[in-house]
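Open your viewer, turn on the side chains and follow the stops below.

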Amino acid sequence: MSTIEAGTVGGSSLVVKLVKIVSSLWPHLFGFVTLLAAWHIASVYLVKSVLFPPPSAMLKKAVELAYTGVLLEQIGASLQRILTGFVMGSAVGIPIGLAIGSFSMVRKLVEPWTEFLRFIPSVAMITIAVIWFGIGEESKIFLIIYATIFIVILNTAAGVSAIVPNKIRAAQVLGANRWQVFLYVGLPATVPFILTGMRLAMANSFTTIVAAEMISANEGLGVMLWNGRMYMLVDEIFVALFCLGLLGFLTDRLFRWGVFKFARRFSPVA
């Protein structure tokens, strides 16, 4: 193959990839355009209030805050807390859920803990977190762990319980011992449930961190919301809300990409 032919083939493959990317992204982009259009119509023509600014005013304020570095600082502070607590909560919740689903004695011992604590909202634990850990980073991370761990535990345990018994019997017939059954049958079959629990827990993490930052923090999107309320900075309130929604959407898309990239054979539908 000549150099010109190779370049043509490489260029065509690049075009095909770009077409695939555009075709997969345009529905999301169109969805955001319609969201902003509906927001604009509601703000300009229906509500007509300074307390409900149009998206153009919000975007202008977001650009100003990003230029000064304030917006990126607040986003970075919130994301760091969310990711730290989310990873720690998932790392603790997954093995506990696997143990609950695999061993009846562990389930009987641990279920009273999980069923009792999971009905206490993480927002209700803010006061306790501040008393125990102060207003520093530890209290926020504790709350994110608390908001994450029980959802991950329950979904992981449900995944273990949902394993088809015939799969386990087939592995045992082929000579697999208990640990091999767990490693090659139970764990792969539980992966979709684990990932679903982690996705749900991520949404809870965003809710919890905003409430925690509004009460005891010096920086973060929750602080932006609280300051906006105190000083009637309506544009900044909507900037914070828009950033929370956009970050949540992007985080969920990234999570789904990870599911398809690294665990597709375990979870073909996400």
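How many residues apart in helix H2 are Glu64 and Lys61? They are three residues apart in H2 (residues 55-68), so about one helical turn separates them. Helices here are DSSP runs of H or I with at least four residues, strands are runs of E with at least two, and both are numbered from the N terminus.

Before moving on, note that this is a predicted model, in which local features need pLDDT of at least 70 and side-chain atom pairs count only at pLDDT 80 or more, while totals for chains, interfaces and linings use all residues. Residues are numbered from 1 along each chain as its sequence is written, and side-chain values use heavy atoms, leaving out hydrogens and water.

Stay with this pair: the side chains of Glu64 and Lys61 form a salt bridge, 3.8 Å from N to O. The term means a side-chain nitrogen of Lys or Arg within 4 Å of a carboxyl oxygen of Asp or Glu. By this rule there are six salt bridges. Glu64 is partly exposed at 38% relative accessibility, and Lys61 is partly exposed at 23%. (Buried is under 20% relative accessible area, exposed is over 50%, and partly exposed is in between, with a 1.4 Å probe and protein chains only.)

Next, select Arg81 and Glu213, whose closest N and O atoms are 2.6 Å apart in a salt bridge. Arg81 sits in helix H3 (residues 70-102) and Glu213 in helix H8 (residues 178-215), so this pair ties together parts 132 residues apart in sequence. Arg81 is buried at 3%, and Glu213 is buried at 1%.

Finally, select Arg118 and Glu115, which meet in a salt bridge of 3.0 Å, N to O.
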